[in-house]
Amino acid sequence: MYEGQKIRLREYRVEDIPLRLTYINDPEIARNLTPEVPYPITLHEEEKWFQSITAISDTYRFAIETFEDNKFIGGCSINDVDWKNGVATIGIFIGSKDHRSKGYGTDTMKVLMNFIFMQMNINKIRLSVYSYNEPAIKCYERCGFKIEGVLRQEIYKDGKHYDKIAMGLLKEEYLHSQSLF
Ligand SMILES: CC(C)(COP(=O)(O)OP(=O)(O)OC[C@H]1O[C@@H](n2cnc3c(N)ncnc32)[C@H](O)[C@@H]1OP(=O)(O)O)[C@@H](O)C(=O)NCCC(=O)NCCS
């Protein structure tokens, strides 16, 4: 378990499945997470996803739980670890609407960044975010991520085209921000 000020990152549990399915099928969440056709995931797919979680993989998934009442509020993951070049791609969602825009995302990112840089010895974290997702961009910039590129009109949502923004954070920048460098 990895702890921040408001949350802890813990393993996913089988009892998280129904709520996680509700979270990721929420159109407000789905529109920010995937470029795919917005089509609901089934319980069967979700159970298969849960069964695919293993410690022996290049994907690391955490459930996000609040300190104050141990509520499962979302998830974050490290995907596509490129060990040779030291680059990891991450994703995050705060599924519980009541917990969005209250600092839980920023606290989760801090714990996740520490895990990646200090436990996995990764040199760079990267992510992508859609241009309309202002809360996410604000959260990532506050965590030190910089915009590295804009992929124009890569995303089609609700009848419009939007840009996909590539953001990144280097270990040296992270250490500097923590006064560890
Ligand atoms: C993106 C996400 C993880 C951020 O987590 P969070 O807990 O909401 O983020 P935080 O509260 O730490 O920071 C968000 C900031 O954006 C601000 N914000 C909220 N809505 C906003 C808007 N429409 N425009 C600009 N800023 C906005 C918040 O007020 C907050 O800033 P503040 O702390 O200065 O007040 C969360 O909102 C989420 O899960 N969204 C849905 C899924 C998603 O977008 N995942 C990321 C895909 S790249």
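This report covers the sheet, the nonpolar core, the ligand shell and a few single residues of one predicted model.

## Basis

The model is predicted: local features need pLDDT of at least 70, side-chain atom pairs count only at pLDDT 80 or more, and totals for chains, interfaces and linings use all residues. Residues are numbered from 1 along each chain as its sequence is written.

Helices (H or I, at least four residues) and strands (E, at least two) are DSSP runs, numbered from the N terminus.

## Sheet

The sheet is open and has 8 strands. Their order is E1-E2-E3-E4-E5-E6-E8-E7, with mixed pairing. Two strands pair if DSSP finds at least two bridges between them. Strand E1 (2–3) and E7 are the edge strands, each pairing on one side only. In general, strands of a sheet pair through backbone hydrogen bonds, either parallel or antiparallel.

E3 and E4 are antiparallel, with 6 bridges. Arginine 61 has serine 77 in E4 as its bridge partner. Serine 77 is also bridged to glycine 91 in E5. The E3–E4 hairpin has 5 residues between its strands. Asparagine 70, in that turn, has a positive phi of about 55°.

Strand E4 (residues 72–82) runs antiparallel to E5, and 7 bridges join the two. Glycine 74 stands opposite isoleucine 94 in E5. Cysteine 76 has isoleucine 92 in E5 as its bridge partner. These two strands form a hairpin with 4 residues between them. Glycine 86 sits in the turn, with a positive phi of about 70°.

On to the next pair. E5 and strand E6 (residues 124–130) are parallel, with 3 bridges. Threonine 89 has arginine 126 in E6 as its bridge partner. The chain passes from E5 through H4 to E6 in a right-handed β-α-β crossover. Right-handed means that, with the strands pointing away from the viewer, the path from the first strand over the helix to the second runs clockwise.

## Nonpolar core

The largest nonpolar core holds 32 residues. Such a core is a set of buried Ala, Val, Leu, Ile, Met, Phe, Trp, Tyr and Cys residues joined through C-beta atoms within 7 Å. A residue is buried if 20 or more other C-beta atoms lie within 10 Å of its own, exposed if 12 or fewer, and partly exposed in between; C-beta atoms are placed from the backbone. Cys76, Ile90, Leu112, Met113, Ile116 and Ile125 have the most contacts inside the core. Strand E2 (7–10), strand E3 (60–66), E4, E5, H4, E6, H5 and strand E8 (160–170) each supply at least two of its residues. H4 gives the largest share, 7 residues.

Which residues does leucine 112 contact, leaving aside neighbours within four places in sequence? They are Leu9, Cys76 and Ile90. Contact means C-beta atoms, placed from the backbone, within 7 Å. In soluble globular proteins, nonpolar side chains tend to be buried together.

## Ligand shell

The shell around the ligand has 21 residues. A residue is near a molecule or strand if its C-beta atom, placed from the backbone, lies within 6 Å of it. Asn32, Gly105, Thr106, Glu134 and Ala136 come nearest. Helix H2 (27–33), strand E5 (87–94), helix H4 (104–119) and helix H5 (134–142) each supply at least two shell residues. H5 gives the most, with 5 residues.

By class, the shell has 10 nonpolar, 7 polar and 4 charged residues. Ala, Val, Leu, Ile, Met, Phe, Trp, Tyr, Cys and Pro count as nonpolar, Asp, Glu, Lys and Arg as charged, and the others, Gly among them, as polar.

## Single residues

Serine 101 and lysine 97 both lie in the loop between E5 and H4. Serine 101 is not a glycine, yet has a positive phi of about 60°. Serine 101 is exposed because 11 other C-beta atoms lie within 10 Å. Lysine 97 is exposed, with 12. The C-alpha atoms of lysine 97 and tyrosine 23 are 9.0 Å apart, across 74 residues of sequence.

Aspartate 158 is in the loop between strand E7 (146–157) and E8. Its phi is near 50°, a positive value in a residue other than glycine. Aspartate 158 counts as exposed, with 9 C-beta neighbours inside 10 Å.

Glutamate 46 belongs to helix H3 (residues 43–51). Is glutamate 46 partly exposed or buried? Glutamate 46 is partly exposed, because 17 other C-beta atoms lie within 10 Å. Not counting residues up to four places away in sequence, glutamate 46 touches Ile17, Arg20, Leu21 and Ile41.

How values were computed:
Two residues are in contact if their C-beta atoms, placed from the backbone, lie within 7 Å.
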